[in-house]
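Please read it with the structure open.

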Amino acid sequence: MKENNDLNRLFREADRFMEVDKEKRERTLERLHSAYEEINERTHVTAGYAETVLRQLRYMDKGIWIADAAVNILFILILLLLRYYGAGEQDIMMTVMLLASAAGGVSIWILSGLFSNGAGELTETCYFNAKQLAGLEMAILGGINLILLAFAVFYVGIQWKMSLFRIGVYVGVPFLFTVSVCMGCMMAETRRRRSVLTAGAGVLSAVLVLAAAAVPQVYLPSAAAVWCMALAAGAGVLTAQIRRLFHEIGRGEILCTE
């Protein structure tokens, strides 16, 4: 304590013999103030929505889209081949329901990669935001699936001369069913096994869809009300799951669960 007092006294004595140029001091203070304002402005600058999306797309793992693109191309090719070989109405309905289920399962399996092997934690510790990445992936995957399912509905309806509404329900129910099952599994499982269990849930859902599609009674007009209720229930469950997913991302539970 005494040494500190002695040092303060020595500095005060030295200041009395030091001449300070007032003009230089004012210029220095002005420069410091300008530099502070510039740094403060740069700190608070935020990227626009379009710039943020492009930046996320630029650094997103492009390899995950190969599987989804392959499934979609295979989907279209199978429909074209079935038309070429003259498949019947029940055969095409079984196939299109199975393919819709497979497309939904692959989409959630791709999404689960964001939360597997510590990838979600890495994005949160870096510049990117896990909610933004998950939302962007879901928007892209959902858009691709919507285009694909719409193509299947119109193609099958026109080529096999069937009701578009009827086909839309038959396609939408297995798709929503598989997506809901896979997403529930993705959020419930541990990080190390999340992708594997999500893929297994997708395969199991596709098998169940195929088994249901093989029953002729499911296509009867009397079952139309059940199909519509199943479609509405699936949409409601998926909406709740998406809200829960973003809630868990915000709390860090789905990112850090072991």
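Helices here are DSSP runs of H or I with at least four residues, numbered from the N terminus. By that numbering, Ile76 belongs to helix H4. The model is a predicted one. The protein has 11 helices and 0 strands, and 35% of its 258 residues count as buried.

**Fold**
- From the N terminus on, the order of elements reads α-α-α-α-α-α-α-α-α-α-α.
- Trp109 sits in helix H5.
- The C-alpha atoms of Trp109 and Ser195 are 6.1 Å apart in space, although 86 residues separate the two in sequence.

**Nonpolar surface patch**
- Ile73, Ile76, Leu77, Leu80 and Phe151 make up a nonpolar patch on the surface.
- Together these residues have about 410 Å² of accessible area.
- Helix H4, residues 64-84, is the main contributor to the patch, with 4 residues.
- Ile76, one of the patch residues, has a relative accessible area of 31% and is therefore partly exposed.

**Second largest pocket**
- The second largest pocket holds about 220 Å³ of space.
- Its lining consists of 13 residues, of which Ile108, Met138, Gly142, Val179 and Leu238 are the closest to the centre.
- At least two lining residues come from each of helix H5 (89-112), helix H7 (130-159), helix H8 (164-188) and helix H10 (224-251).
- By residue type, the lining of this pocket comprises 10 nonpolar, 3 polar and no charged residues.

**Salt bridge**
- The structure contains 1 salt bridge.
- It joins the side chains of Arg166 and Glu89, with an N to O distance of 3.3 Å.
- Arg166 is in helix H8 and Glu89 in helix H5, so the pair links parts that lie 77 residues apart in sequence.
- How accessible are the two partners, Arg166 and Glu89?
- Arg166 is partly exposed at 26% relative accessibility, and Glu89 is partly exposed at 39%.

Definitions and conventions. Residues numbered from 1 in each chain as written. Predicted model: local features only at pLDDT ≥ 70, side-chain atom pairs only at ≥ 80, totals over all residues. Heavy atoms only, no water. Patch = residues over 30% accessible without salt bridge, like charges linked within 9 Å, V, L, I, M, F, W, Y side chains within 5 Å. Areas by Shrake-Rupley, 256 points an atom, 1.4 Å probe, with all protein chains shown as cover. Salt bridge = Lys/Arg side-chain N within 4 Å of Asp/Glu carboxyl O. Buried < 20%, exposed > 50% of the residue type's maximum accessible area, 1.4 Å probe, protein only. 1 Å grid on protein atoms, 1.4 Å probe; cavity = no way out; pocket = protein on both sides within 12 Å on 5 of 7 lines; lining within 4 Å. Points joined across faces, edges and corners; volume = space filled by probe spheres on them. Nonpolar A, V, L, I, M, F, W, Y, C, P; charged D, E, K, R; others polar.
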